Amino acid sequence: MLFTSIINLTYLIGALGFVMGLRRLSSPDTARRGNILAGIGMSMAIIATMVYPFAGANNNYPWIIGGMLLGGIIGWVAAKKVQMTAMPQMVSIFNGLGGACAVVLAMVELVHYYGGTQAMSAGQLFIVLLALLIGGVSFTGSMLAYGKLEGLVNDKKVTFPRHNILNIGILIITVILGGYIQITGTGTTFGLVIIFMLLSLVYGLSFVAPIGGADMPVVISLLNSFTGLSAAATGLIYDNQIMLVGGILVGASGTILTVLMCQAMNRSLLNVLIGGFGSTQTSSKGAVGDQIAKEVSLNDAAIQMYYSKSVMIVPGYGLAVAQAQKICKELDDLLESNGVDVKYAIHPVAGRMPGHMNVLLAEADVPYPKLLDLEDANAVLPSTDIVLIVGANDVVNPAANDDPGSPIYGMPVLNVWEAKNVIVLKRSMNPGYAGIQNQLFFHERTRMLFGDAKDSIQNLVGEVKSL
Amino acid sequence: METILQFFNEYLLLIYLLLFTIILGFEVISKVPTVLHTPLMSGANAISGVVIIGAIILIRRAEPDDYLTLSLGVIGIVLGMINVVGGFAVTDRMLEMFKKKKTSK
């Protein structure tokens, strides 16, 4: 009895660890301790589950420990090896695996239920089916999100005409089938359960398919909250409170985070989910073909920046892809040594995830006070001499302010065209990830410097040094 | 209708827990600076790996010769463990960089 109490107390403390951990994760000073606290909570919960005195348990410890070692090593190595730039993809994969775990658990319950070795009340069956559905959507959805971020999947190739109607159709069929299984119980065959699982998996793919571009972070966050919910549902199956608390915490906080991200883009969640960038065929004003972007030579760009008073660097995903954050810091140091005031303008959704740029620049030792958020940056942009745009596109697109036909109309952007000069580092004239042409590149104050972001900055550093 | 009522009564205490935890989740997150969105998402993601507990319970309760359950359970544990360990490790790597920069300043 005492032993059971200690175990239950351990669960309770573990759950508190989750709550306090999340709380600390939301402030920069305590974030790291928060993460460790949540990790300790998780370890306590796992250990408590290992030793909990179940009546008539066979334990099978070798299986458990073997699985934990294998999964632990894979997870650890993946987390240590991943490039900081590929962080969003990594989070997406980890999240999908959590969803897959819920699918496996729900299926095992159903195998036993249909095999006649285990009875289930209607409520239990409902929860198992729910865990299967949400976990399945989260699994395949996260995997497709990974494919898209990694550039393995082309947005347009996975989207069908009238994709939204297709999505709703699949969802309705899935829910109806789930309802049928729920009502008939063991009266139906296990084959229908398999079809239900497959439909959930297909819906996950189909649900993420039309979403792309700047909306990707929102989807990952939403899928994260799905995984939390499926974990919570699984917790109900096993009557385990810490799974329930952990899962619901993630579900709720993931939802809030998703909403916060949508607000940063000035769009509603529904708009993000059904009005994917890939599917909207909006014609932006102005034919692109006859406009000519003006180029700037390396030497000119270097001189302009070196003898200016203030430079604002606007990093985007291009900086992440090119791994240019360290060389960017070197350029920053060189300019600072000549008394240039160098700042960074960080758009809330720059990169593939909110905060992505902050993480990268932190990796390159750029001091925190140099990073300006959207409002602060826009306030000082009119008095800035030179804006250096490194691989950013949609977050500096004036169409968001003045072209109601543009898919990103209404999204707050960095008003870089208000600065005295704009230099854009870009690989080519191809439109950005969202597939929208950018009038900024043809602006009278804009000069283009084509090439890989890292090479370009490297060359700029060389030029500045030779001045 | 009866099923729903039965469901409600069966899980009454859990429904309370559910509601309060949802509110707690909202409250805890509502004031986060954009800088921390990515680490926070990643940390929350690691916590959602709590589903691994289900897999452990499953294996502990399984018959030693029920190889289907055991194998599926092990798959569940591997998947869940990657989520948990990978999630916390990746989050720590991100946050470590914030820390390093703070001390060097």
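**The boundary of domains 1 and 2**

Mentor: Between them, domain 1 of chain A and domain 2 of chain A bury about 670 Å², of which 87% is on carbon and sulfur atoms; buried area here is the accessible area, taken with a 1.4 Å probe, that two parts lose on being put together, summed over both. On the side of domain 1 of chain A, the residues that lose the most area to domain 2 of chain A are A:Y11, A:F18 and A:L22, which together make up 51% of what that side buries. This is a predicted model, in which local features need pLDDT of at least 70 and side-chain atom pairs count only at pLDDT 80 or more, while totals for chains, interfaces and linings use all residues, and side-chain values use heavy atoms, with hydrogens and water left out. Residues are numbered from 1 along each chain as its sequence is written, and chains are lettered from A and ligands numbered from 1 in the order in which they are written.

Chain A is divided into domain 1 (1-81), domain 2 (90-274) and domain 3 (287-466), with bounds that come from an automatic or database domain assignment. The C-alpha centres of domain 1 and domain 2 of chain A lie 24 Å apart, and 10 residues of domain 1 are in contact with 8 residues of domain 2, contact meaning heavy atoms within 4.5 Å. Across this interface there are 0 salt bridges (a side-chain nitrogen of Lys or Arg within 4 Å of a carboxyl oxygen of Asp or Glu), and 1 residue pair is in polar contact, both at pLDDT 80 or more (a pair of N or O atoms within 3.5 Å; within protein, one must be able to donate a hydrogen and the other to accept it, and residues adjacent in sequence count only if both atoms are side-chain atoms). The elements that give two or more residues to the side of domain 1 that touches domain 2 are α1 (2-25) and α3 of chain A, helices being DSSP runs of H or I with at least four residues, numbered from the N terminus. Of these, α1(A) supplies the largest share, 6 residues. That side divides into 8 nonpolar, 2 polar and no charged residues, where Ala, Val, Leu, Ile, Met, Phe, Trp, Tyr, Cys and Pro count as nonpolar, Asp, Glu, Lys and Arg as charged, and the others, Gly among them, as polar.

Now for the partner chain. Chain A and chain B bury about 8,700 Å² between them, 76% of it on carbon and sulfur atoms, through a contact that takes 109 residues from chain A and 86 residues from chain B. In chain A, A:R32, A:M42 and A:W63 lose the most area to chain B, yet together they account for 8% of what that side buries. The count between the chains is 1 salt bridge, in which the side chains of B:D92 and A:R32 meet at 2.9 Å, N to O, and 17 residue pairs are in polar contact, both at pLDDT 80 or more. Helix α9(A) gives the most to the side of chain A that touches chain B, with 17 residues, and by class that side has 68 nonpolar, 32 polar and 9 charged residues.
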